[in-house]
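Thanks, everyone. Please have a look at the structure first.

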Amino acid sequence: MLTASGMVVDLLRPQGAVFSISDIAHHLSQINRYTGAARRPLSVAEHSLLVCEILERECGERDPSVLLAALMHDAHEAYTQDLSTPAKQAVGAAWGEFENRVQFAVLRHHGLITAYTAARERICWADRTALATERAALLPQDGPEWGVMRTHTPVSWHDFDRFSAYDWQSWRDAFELRYQALGLALNIRAEEIAARATTLPGAAAIALCRRLVHPEDLGHAVPSEVRLLARNALKGGDH
């Protein structure tokens, strides 16, 4: 598929593709949830920001890697689209296999497999709570009751009307800004780990530095200068 930036992503073989945050933010801000049935446009970008905020406010989550994984939990929909639950059920297992494959590739590209896997239950809870909140505030009250309304309580502090004037560019920018802010927090943490490694006994220092050299274990990309510091520390620790 052709992305907004002009990149080409092979969805049959997504591993190794470049999933840029600018493309993800651009695409998600223009993809509406609920096939457009909400009383105002509700993009996947807006939903993702809400999931991140629910995890932070309702669960007290402060780990930037977990919050980033929450923000990016639907990032693959920038490439697969947001298929409604009834449509997914109609397509069957093939859709789940395809979607999971692309989601894994996107999370892996952004170094979030570890964080997402570790916090998956909490992220899913926040996602379902966001679903209940959106259902209560933005969708018609008629029709059958959704099961999520029996298991998850909508949050009372979120006011969708406050953001009614936001256009898709506003949500694109808000999504990308949140990603960059959380990434900066992770980079600062990585630098602190690298600095702390120099004061630890050999085995512990080596373990910390290896987490930096292989940033997948940190849940986010580590700056090249920090990775270089870690490699140098590893060389010294191996003597």
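The crossing of α2 and α8 is right-handed in this predicted model. α2 covers residues 44–59, and α8 covers residues 120–138. Their axes lie 8 Å apart, at an angle of about 115°. That makes the two helices roughly perpendicular, because angles from 65 to 115 degrees are counted that way.

Which residues make the contact? From α2 we have His 47, Leu 50, Val 51, Ile 54, Leu 55, Glu 58 and Cys 59. From α8 we have Arg 122, Ile 123, Trp 125, Ala 126, Asp 127, Thr 129, Ala 130 and Glu 134. By class, that is nine nonpolar, two polar and four charged residues.

Now the pockets. The largest one holds about 920 Å³ of space. The classes here are 11 nonpolar, nine polar and nine charged.

The second largest pocket has about 230 Å³. Here α2 gives the most, six residues. α10, residues 168–197, also gives two or more. The lining includes Glu 46, Leu 50, Glu 53, Phe 163, Tyr 166 and Trp 171. By class, seven are nonpolar, one is polar and four are charged.

Note two residues on the way out. Leu 50 of α2 is in the helix contact and in the lining of the second largest pocket.

Note on methods
Residues numbered from 1 in each chain as written. Predicted model: local features only at pLDDT ≥ 70, side-chain atom pairs only at ≥ 80, totals over all residues. Heavy atoms only, no water. Axes fitted to C-alpha atoms, helices over the stretch in contact; angles between N-to-C directions. Helix = DSSP H or I, 4+ residues; strand = E, 2+ residues; numbered from the N terminus. Parallel < 35°, antiparallel > 145°, perpendicular 65-115°, else oblique. Left-handed = near helix turned anticlockwise from the far one by under 90°. Contact = heavy atoms within 4.5 Å. Nonpolar A, V, L, I, M, F, W, Y, C, P; charged D, E, K, R; others polar. 1 Å grid on protein atoms, 1.4 Å probe; cavity = no way out; pocket = protein on both sides within 12 Å on 5 of 7 lines; lining within 4 Å. Points joined across faces, edges and corners; volume = space filled by probe spheres on them.
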